Amino acid sequence: MKKLITESVKARGKILLFAFVMSIALWYNVTGKEKVDTWVTVKVTYTGIPTNLTVVSGLEERLSVRVRTARGLVSTLQGRDYFTRIDLSHITRGNVEVPIPKSQMPFNGIGVYEVIDINPPRLQLAVENVVEKIVPVKLVYDALPPNTLLRNVNIKPSSVVVRGTAKEIGGIKNIPLQLSAQDLSGLGAKSFNRDLPTPEQVSLAPAQVHVEFELVQARKNISLERKISGNLPPQYGYNLSSQSATVTFSIPETLADDLEKLAADVKVVFHMDSLRLRLGTQPMPLKVNLPDSAELLRVEPAQVNVTVFQKHADRTENNNAQNNR
């Protein structure tokens, strides 16, 4: 009885094994021989475009390619990126048709895949001559912080070469470089590199510039006439070729309303030290004392002729007053 059961089990096992083998063979026969079509996206890059030409329109970033393969291999085409290159070195100005050969597809030469169709099958290109011109880079901004000014603006390079079709670059007079609120925050010197905004269908050379400028307080220029004074030992007196000088200086606009106080602190003097002190006439430069917030622009005259004399006891009071003004 035991032997009979064992032989029955073995026979059943052979039947199951045969069924498994047949199912594998049937699956391969169906999926391996049955051909199906599937669409695959292929990304395109272009090479060889002549430097004196530009393609205005018609370049496709992606192609839809219909590929025929065994049903069981369809999954091998999914979830992958495919690329191809198309040479445009032969194009000329005008409307150009460029066929896309199946041999350019990345599946070419792989026997289990067959390229059936490409959409679009050809490129319809509009090609124009490239022209170029030099235009300046212009610094632009919405608004400066209150009571501030831009000074010492320097853009390197100050102009760039614009390349494109005559239609595209014809209206370009400058390349605007926009300063942000962050760029204009805080007083002091600023320095940074900045990419230039590139109009569509246009190239710039260079595409980046270096920007330098200084953000300072807005200032007001003021001119005052001040009496010239000097400091000599008491036994000497002096006469001047000019009794006063015009001082021009700048102050922050926020302080311009308090001009009376500022004027009291502006003094014009000459200084003759003991080494230079001698009787007679000699030119002396003028020195201007200003408040800390002021910047000297100029003083006119810049120097005066000083005639030094020694005082005598018998000089009259009137002469002393005239000579020690």
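Of the 325 residues of the chain, 31% count as buried, where buried means under 20% relative accessible area, exposed means over 50% and partly exposed lies in between, with a 1.4 Å probe and protein chains only. This is a predicted model, in which local features need pLDDT of at least 70 and side-chain atom pairs count only at pLDDT 80 or more, while totals for chains, interfaces and linings use all residues. Residues are numbered from 1 along each chain as its sequence is written, and side-chain values use heavy atoms, with hydrogens and water left out.

The accessible surface of the chain comes to about 20,600 Å², and 52% of that surface belongs to carbon and sulfur atoms; accessible areas come from the Shrake-Rupley method with a 1.4 Å probe, and for residues only the protein chains shown count as cover. Among contacts in the chain between residues at least 6 apart in sequence, 72% join residues at least 24 apart, a contact being heavy atoms within 4.5 Å.

The secondary structure comprises four helices and 22 strands, which are DSSP runs numbered from the N terminus, helices being H or I with at least four residues and strands E with at least two. Two strands pair if DSSP finds at least two bridges between them. The pairings described here are set out below.

| Strands | Sense | Bridges |
|---|---|---|
| S3 (residues 62-70) and S6 | antiparallel | five bridges |
| S8 (residues 131-141) and S10 | antiparallel | six bridges |
| S10 and S13 (residues 203-205) | antiparallel | three bridges |

Four strands form an open sheet in the order S4-S1-S3-S6, with mixed pairing. Strand S4 (82-87) and strand S6 (114-119) stand at its edges, each with a single partner strand, so one side of each is left without a neighbour in the sheet.

Ser250 lies in strand S17 (residues 244-252) and is buried, with a relative accessible area of 3%. Leaving aside its neighbours within four places in sequence, Ser250 is in contact with Arg219, Lys220, Asn221, Ser293, Ala294, Glu295 and Leu297.
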